[in-house]
Amino acid sequence: MSQQMQQVRLLHPLNGSHIDMELPTDITFNQISRLLYERGFIQKKAGGYQYIIDERLCGLNYPLATYIPDPAPELLTISVNGLLVVLT
């Protein structure tokens with residue numbers, strides 16, 4: 001069985017740049033963070049990063065597939081949020 005892949009566009013939290021990638025749909029958002037650190041797209045920081053798809057905050061331990069709309073878009077836009085999120 002072949003692995004499902006999704007084209008994504010990740011939007012930088014500060015400078016308005018983006019990076020396009022093809023990612024396996026079973027990758028978690030924690031793993032995406034590590035990948036973005038390795039590629040130099042974002043810098044490690046205390047509190048880490050959050051990801052937003054269609055105004056939904058994504059759980060860091062959940063796979064990308066959890067948040068892909070049905071039908072899946074050709075290019076899925078993901079906002080990288082660098083602000084600390086405080087839940088009350």
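Contact is taken here to mean heavy atoms within 4.5 Å. With that cut-off, residues 24 or more positions apart account for 54% of the contacts in the chain with a separation of 6 or more. The structure is a predicted model, in which local features need pLDDT of at least 70 and side-chain atom pairs count only at pLDDT 80 or more, while totals for chains, interfaces and linings use all residues. Residues are numbered from 1 along each chain as its sequence is written, and side-chain values use heavy atoms, with hydrogens and water left out.

The chain contains 1 helix and 5 strands, where helices (H or I, at least four residues) and strands (E, at least two) are DSSP runs numbered from the N terminus. Read along the sequence, these elements follow the pattern β-β-α-β-β-β. The C-alpha atoms fill a box of roughly 40 × 30 × 20 Å along the principal axes. A compact globule of 88 residues would have a radius of gyration near 12 Å, and the 13 Å of the chain agrees with this; the radius is taken over C-alpha atoms, and the globule rule is 2.2 Å times the number of residues to the power 0.38.

Buried residues (under 20% relative accessible area, against over 50% for exposed and in between for partly exposed; 1.4 Å probe, protein chains only) make up 36% of the 88 residues. In soluble globular proteins, nonpolar side chains tend to be buried together. A nonpolar core is defined as a set of buried Ala, Val, Leu, Ile, Met, Phe, Trp, Tyr and Cys residues joined through side-chain atoms within 4.5 Å. The largest such core has 22 residues, and L10, L36, Y51 and L64 have the most contacts inside it. At least two residues of this core come from each of β1 (5-11), β2 (18-24), α1 (29-38), β3 (50-53) and β5 (76-81). Helix α1 gives the most, with 4 residues. I32 is found in helix α1 and is buried, with a relative accessible area of 1%. Apart from neighbours within four places in sequence, I32 is in contact with L10, L23, I27 and Y51. The C-alpha atoms of I32 and L10, 22 residues apart along the chain, are separated by 10.0 Å.

C58 lies in strand β4 (residues 56-58) and is also buried, at a relative accessible area of 2%. Not counting residues up to four places away in sequence, C58 touches F29, Q50, Y51, I52, I53 and Y67. L60, in the loop between β4 and β5, is partly exposed, with a relative accessible area of 25%. With the sequence neighbours up to four places away again set aside, L60 touches T28, F29, N30, Y49, Q50 and Y51. The C-alpha atoms of L60 and N30 are separated by 5.2 Å, at 30 residues apart along the chain.
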